[in-house]
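Subject: Structure handover

Hello,

Here is the structure I promised to pass on. Please open it beside this email and follow along.

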Amino acid sequence: MRTVGTGGLTAFGTTALTGSASAHEALEIPSDYLEQYRETGANWGMDWTYLAGIGAVETQHGQYEDGCETSSAGARGPMQFMPSTWEAYGVDGTGDGTTDICDFRDAIPSAANYLEANGAPENWDDALYAYNPRWSYVEHVTEHAARYRDQYGSGDGGGGDTGGGGGERAEFGDGDRITPTTSLNTRHRPGTESDVLATMQPGSAGEIVNGPESADGYTWWGVHWLENDLWGWSVERYLTAADDSDGGGGSGGTQGPDFTWPIDGYITSPYGDRSGHLAVDFGNDRIVGTPVYAARDGVVDVVGYEATGCGNYVKLGHDSGYQTMYCHLNSVRVSEGRRVSRGEQLGGMGDTGRSTAPHLHFTIERNRSHLPIPGGDGRTVNAGEAIPRDYDGI
């Protein structure tokens with residue numbers, strides 16, 4: 001899915017460690033690396049499979065770093081940072097007060113930091129080209145990322161969800177409503193060398209109007225992207241059925257499952273107001289401990305802590321592959337595996353982790369893809385009131 005990039009700062013050297021990954025191998029990800037990739041992706045608002053693709057290509061997830069071996073270009077560690085670049089972008093992922101180029105728990109968030117500074121997640125091609133300025137490298141990493149989405153049930157909506165992801169995908173037909181599972185190019189014609197017309201984001205509403213056609217190893221569908229009034233071709237692998245329970249297919253007010261605001265307060269940072277901010281932040285006059293409530297019935301999937309990310313956080317799993325996450329809490333009142341009801345208190349608003357003031361960082365995802373949440377800067381919200389369903393997927 002490569003677009004034409006402008007290139008960027010040559011910050012990383014070409015890896016010269018023996019045994020670097022073939023583009024056609026499906027490398028298993030060690031469990032500790034897999035957890036770190038996923039956590040970093042959630043914290044930085046980006047598709048974790050690209051981070052895993054870099055880790056596979058550079059060192060096979062640390063397999064080829066004997067004592068933090070240095071490449072012939074001078075790069076070090078599991079994500080192969082040049083020392084000067086590490087000095088500028090190194091992140092203390094473990095919260096131990098140091099940034100260790102050889103520790104994957106620091107190196108993976110540091111890679112996310114560098115990629116974000118160079119255009120990710122809006123422009124993965126340019127960000128990856130900045131990481132290593134060869135288009136073959138960009139394609140190599142992108143291929144691994146696609147395989148990991150298939151293998152680990154992310155991006156492609158895996159895990160057996162009823163929304164269309166995982167396992168064998170049913171063919172689409174004319175008139176079916178779809179949405180991307182990740183940032184997805186739509187092209188003038190089927191094929192990876194055809195001109196890119198636009199890059200659609202998860203939640204974008206489209207309608208199948210043509211296809212399928214096969215080109216360059218992919219199945220392509222002709223899509224009319226409704227909000228953009230744009231016709232183009234996109235790869236089936238990254239499309240999933242869109243919720244359309246109102247029967248209208250547009251952005252009507254009755255489609256999809258319902259969520260409610262998780263706090264009394266006001267929006268301090270709307271969804272997408274800056275690069276990588278795939279969430280809504282809420283404040284309440286900096287009152288630490290303001291109650292934070294479950295936005296929908298669900299199960300507590302994760303209770304965790306991220307020193308350079310969410311701080312104390314809770315992640316809930318809901319029906320049909322949906323998840324909500326609540327970050328920077330000063331206290332947590334639930335435990336993993338517990339079933340909670342809408343409106344049940346999860347904890348209190350705080351200032352833990354990567355935070356500049358007491359606030360709640362709130363996300364809604366489906367199949368690990370972030371969904372947009374409406375509301376402008378300063379909007380007052382009341383816990384328990386319905387979040388307007390004026391976009392696809394929610």
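Below is what was found in it, one topic at a time. Keep in mind that this is a predicted model.

**Helix H2**

Start with helix H2, which covers residues 48-59. It has 12 residues. From its first C-alpha to its last it reaches 17 Å, close to the 16 Å expected at 1.5 Å a residue.

How many residues of H2 are buried? The count is 12 of the 12, so H2 is largely enclosed by the rest of the structure. Buried here means under 20% relative accessible area. The buried residues include Trp48, Tyr50, Leu51, Ile54 and Val57. Glu58 and Thr59 are on that list too.

Which helices do these buried residues pack against? The partners are helix H1 (31-44), helix H4 (104-117), helix H5 (124-131) and helix H6 (135-152).

Now step off the end of the helix. Most residues other than glycine have a negative phi. Gln60 lies in the loop between H2 and helix H3 (83-89).

His61 lies in the loop between H2 and H3 as well. Its phi is near 55 degrees, again positive in a residue other than glycine.

Are these two buried or exposed? Gln60 has a relative accessible area of 11%, so it counts as buried. His61 has a relative accessible area of 4%, so it is buried too.

**Cis peptide bonds**

Next, look at two prolines. Most peptide bonds are trans. The bond from Ala120 to Pro121 is cis, with omega near 0 degrees. Pro121 sits in the loop between H4 and H5.

The bond from Gly211 to Pro212 is also cis. Here omega is near 5 degrees. Pro212 belongs to strand E4 (residues 206-215).

**The disulfide**

The structure holds 1 disulfide. It joins Cys310 to Cys327, with an S to S distance of 2.1 Å. Cys310 lies in the loop between strand E11 (298-306) and strand E12 (311-317), and Cys327 lies in strand E13 (residues 322-332), so the pair ties together parts that are 17 residues apart in sequence.

Why is this disulfide called right-handed? The torsion about the S-S bond of Cys310 and Cys327 is about 50 degrees, so the disulfide is right-handed. Both Cys310 and Cys327 are buried.

**The pockets**

Now for the open spaces. The largest pocket holds about 900 Å³ of space. It is lined by 45 residues. Nearest its centre lie Leu278, Glu365, Arg368, Ser369 and His370. The elements that give two or more residues to this lining are H1, E11, E12, E13 and strand E17 (369-370). Which of them gives the most? H1 does, with 6 residues. By type, the lining of the largest pocket divides into 14 nonpolar, 19 polar and 12 charged residues.

The second largest pocket holds about 610 Å³. Of the 32 residues that line it, Arg274, His277, Asp281, His359 and His361 are the closest to its centre. H1, strand E8 (265-269), strand E9 (280-283) and strand E16 (360-366) each supply at least two residues of the lining. The lining of the second largest pocket divides into 8 nonpolar, 18 polar and 6 charged residues.

**The cavities**

Last, the closed spaces. How many cavities of 30 Å³ or more does the structure hold? The structure holds 2.

The second largest cavity has about 40 Å³ of space. Its lining is made by Gln36, Thr40, Asn43, Trp44, Gly93, Pro109, Glu306 and Thr308. The largest share, 4 residues, comes from H1.

The buried residues of H2 pack against it. H1 gives the most to the lining of the largest pocket. It supplies at least two residues to the lining of the second largest pocket. It also gives the largest share of the lining of the second largest cavity.

Best wishes

Definitions and conventions: Residues are numbered from 1 along each chain as its sequence is written. This is a predicted model: local features need pLDDT of at least 70, side-chain atom pairs count only at pLDDT 80 or more; totals for chains, interfaces and linings use all residues. Side-chain values use heavy atoms; hydrogens and water are left out. The expected span of a helix is 1.5 Å times one less than its number of residues. Buried means under 20% relative accessible area, exposed over 50%, partly exposed in between (1.4 Å probe, protein chains only). Contact means heavy atoms within 4.5 Å. On a 1 Å grid over the protein atoms alone, a cavity is a set of points where a 1.4 Å probe fits but cannot get out, and a pocket is an open set with protein on both sides within 12 Å along at least five of seven lines; lining residues have an atom within 4 Å of a point. Grid points are joined across faces, edges and corners, and a volume is the space filled by probe spheres set on the points. A disulfide is a pair of cysteine sulfur atoms within 2.5 Å. Ala, Val, Leu, Ile, Met, Phe, Trp, Tyr, Cys and Pro count as nonpolar, Asp, Glu, Lys and Arg as charged, and the others, Gly among them, as polar.
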